[in-house]
Amino acid sequence: MDFFGLILWPIKWAIEAILVGFHSLFTALGLQSEAGLTWVLSIAGLVVVVRAALIPLFVRQIKSQRKMLEIAPDLKKIQDKYKGKRDQFSREAMSRETMALYGKHKTSPFASCLPILVQMPIFFGLFSVLNNSFNRLTGVGLLNEQLSQEFGRATLFGIAPLGATMVNNDGNAWVIVIAAILIVLMTASQFITQLQIMSKNQSAEMKASPMYRQQRILLYVLPVVFLFSGIAFPLGVMFYWFVSNIWTMVQQFIVIRNMPTPGSEAALAREARLAKKRQKKGIVDEEIEGTVIEEPKKTQRQQPVSKNRAKKKGGR
């Protein structure tokens, strides 16, 4: 076993355990053991388990993004301090102060990428499991010879093997067509998810930061990466990827709607929705309710006094 295989071994074992677990569940519910639908649903079950396990990392990602927003003004001060200074000493000092700021607030731009980075070994693990089954090899764990062969023969929509790719399809045109559709769906879902974050869940301050400009570049670069890398992935891995993107899209929609970034367009929209709900229920807004409306003061009209009468009053 090579070094890469040694690292992937525990991941492949866990993937096989989850796949076989869901496969047993669906066959117990009446689906056929060798049917493609049973294995496709098992891959969807794998997505549910993995993404549910990543929820704590997703929460950490949200907190990290909020902290990055909070320290954005201090980060800009450091960048302005070393603006135009290209010598090595200044670059090192700028990097040192930036890292110290991240350490002080216990955050980092890399924390925002954790859910994606953690999923990469799972992509490669599933790729390896599918590839071995497609080549009639037994798995490393619960995927025995019979189950491995069934998984290798399983088809998406009954016409395209899950283990086939655009470049390894034995002349099956449906593999190319379905792979192309999945690549478009994967790219579109990834683009829409990232776009809804950047357009609705960023404050005006964040949109003016260099980090926002970097994120905008990634917004257009990542779909291109998926476009080319998807050609080499088996249909089963692309199906996992697509379902995972749908999970991310729904998850982001719920977070942006209910826990938007303060000062963002989504936060203003949420405040407007809450105000509308309070208005429908007849609840007076707290700010309006707490405001004391002062009645106009009644001023008593001063009667004109003659000079003689004023002198008499002054003489008393």
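Reader: How many salt bridges does a search of the whole structure find?

Author: A salt bridge is a side-chain nitrogen of Lys or Arg within 4 Å of a carboxyl oxygen of Asp or Glu. In this predicted model, local features need pLDDT of at least 70, side-chain atom pairs count only at pLDDT 80 or more, and totals for chains, interfaces and linings use all residues. Side-chain values use heavy atoms, without hydrogens and water, and residues are numbered from 1 along each chain as its sequence is written. The search of the whole structure finds one salt bridge. Lys 81 pairs with Glu 97, with 3.1 Å between the closest N and O atoms.

Reader: Which parts does the pair of Lys 81 and Glu 97 tie together?

Author: Helices are DSSP runs of H or I, at least four residues, numbered from the N terminus. Lys 81 lies in helix H4 (residues 72–81) and Glu 97 in helix H5 (residues 88–104), so the pair links parts 16 residues apart in sequence.

Reader: How is the packing of two helices described?

Author: Two packed helices are described by the angle and the distance between their axes. Axes are lines fitted to C-alpha atoms, for helices over the stretch in contact, and angles run from 0 to 180 degrees between N-to-C directions. The axes of H8 (residues 173–200) and H11 (residues 235–258) come within 9 Å and cross at roughly 20°. H8 and H11 are therefore roughly parallel (angles under 35 degrees).

Reader: What kinds of residues make the contact of H8 with H11?

Author: The contact holds 17 nonpolar residues, seven polar and no charged. Nonpolar means Ala, Val, Leu, Ile, Met, Phe, Trp, Tyr, Cys and Pro; charged means Asp, Glu, Lys and Arg; the others, Gly among them, count as polar.

Terms used:
Helices (H or I, at least four residues) and strands (E, at least two) are DSSP runs, numbered from the N terminus. Angles under 35 degrees count as roughly parallel, over 145 as roughly antiparallel, 65 to 115 as roughly perpendicular and the rest as oblique.
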